[in-house]
Amino acid sequence: MPERRYTEAVSAPTTADFAAEVRAGLSRPQKELPSKYLYDEVGSALFEVICALPEYGLFRAGSRLVRRHATDIVAGLSSPVMVAELGSGSGKKTRYLLEALARRQPVTYYPIDISRAALARCAIELGHIDSVSIVGFERAYLDGLLEVAARRRPGEQLLVLFLGSTIGNFDRPAGEAFLREVRSILSPGDALILATDVEKPVPQLLLAYDDPLGVTAAFNLNLLARINRELGGDFVLSQFRHLARWNDAERRIEMHLVSTVEQTVSISGAGVTVDFKKDETIWTESCHKYNAAEVREMAERTGFRCRAQWVDSEWPYAQNLFVAE
Ligand SMILES: C[S@@+](CC[C@H](N)C(=O)[O-])C[C@H]1O[C@@H](n2cnc3c(N)ncnc32)[C@H](O)[C@@H]1O
């Protein structure tokens, strides 16, 4: 049995990267902040709470699908297999798959996440499964995947997980470009499990991203608090409010932070002063929704074949098994 271990290669975005992206994003006509910065220690902890909320059906649907189909997925893989997860978060739902794989063979699991806190949680969550060793990478998705692929031994198959419908955070063309990049790192026969959220009634979606307890609002506002903490910003949090809205043309939920008054904010660590009009917004995240046919077509356009799709009946949500051609 391989030794249980957890090592971390550290190369997440630096404070200088954060400052540069904040400066650039807040200088655009539609102010924006990259969603990857939502996940610091506080943000990752709040995301865990979001996953437990009754309104956030995505997490439970994703967990049900992995649990129900873990055996089918494992049956279609050759041996031996290494598993890499892009944006693993706490890796909770990955347990079912790792347990199914480990019944067959020892397995090394490589969670890749830019949030150190998420990786630490993942090590606690999954660090004690028999015959599973964990090597975490505090990296951006593709940097991490390149590192994992470089460790591949002859004859080993790579299984990549991209769960949580995180692909929805990319604009559609960027999502496809991302899948093409993932494919370019893989070898023919490697597998990708891609989870995608399916369009559903708008009120149901809005509640998932704007829960009555205000946890998602806190998750979103924490981005401004993070800028205050790490870049010396002087955002007054009570002068911003969370907004989730449905963009029908793009079929996505957008999360924004709305300035409730006219105000000026300075961020010394990013060397900027930013003026806000009343009701002006900062766009912080998108969550695109996909239908099943669209996902199959996307697989073909990006060098994969969609071998299976499983859709949850309680919260329409798809788990798609792609194989690299
Ligand atoms: C929506 S959560 C999904 C977590 C988990 N996969 C799930 O299904 O519940 C997205 C995760 O991706 C990570 N993440 C976001 N942008 C990233 C990037 N560019 N590179 C690596 N990780 C990223 C976040 O830190 C977070 O843990």
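In the predicted model, the ligand is surrounded by 18 residues, of which G87, K93, D113, Y141 and G164 are the closest; a residue is counted as near when one of its heavy atoms lies within 4 Å of the molecule. By class, this shell comprises seven nonpolar, six polar and five charged residues, where Ala, Val, Leu, Ile, Met, Phe, Trp, Tyr, Cys and Pro are taken as nonpolar, Asp, Glu, Lys and Arg as charged, and the others, Gly among them, as polar.

At G164, a backbone N or O atom is placed 3.2 Å from an oxygen atom of the ligand.

S165 adopts a positive phi of about 55 degrees although it is not a glycine, and is located in the loop between β6 (157-162) and α7 (172-185). A cis peptide bond with an omega of about -10 degrees links S79 to P80, and P80 belongs to the loop between α3 (57-75) and β3 (81-86). Helices (H or I, at least four residues) and strands (E, at least two) are DSSP runs numbered from the N terminus.

Helix α2 (residues 41-52) packs against helix α9 (residues 215-231) at an angle of about 180 degrees, with the axes 9 Å apart; α2 is therefore roughly antiparallel to α9, a term applied to angles over 145 degrees. Axes are lines fitted to C-alpha atoms over the stretch in contact, and angles run from 0 to 180 degrees between N-to-C directions. The contact (heavy atoms within 4.5 Å) is formed by V42, G43, L46, F47, V49 and I50 of α2 together with V215, T216, A218, F219, N222 and R229 of α9. These residues divide into eight nonpolar, three polar and one charged.

Residues are numbered from 1 along each chain as its sequence is written, and side-chain values use heavy atoms, without hydrogens and water. For this predicted model, local features require pLDDT of at least 70 and side-chain atom pairs count only at pLDDT 80 or more, whereas totals for chains, interfaces and linings use all residues.

Technical notes: Angles under 35 degrees count as roughly parallel, over 145 as roughly antiparallel, 65 to 115 as roughly perpendicular and the rest as oblique. A polar contact is a pair of N or O atoms within 3.5 Å; within protein, one must be able to donate a hydrogen and the other to accept it, and residues adjacent in sequence count only if both atoms are side-chain atoms.
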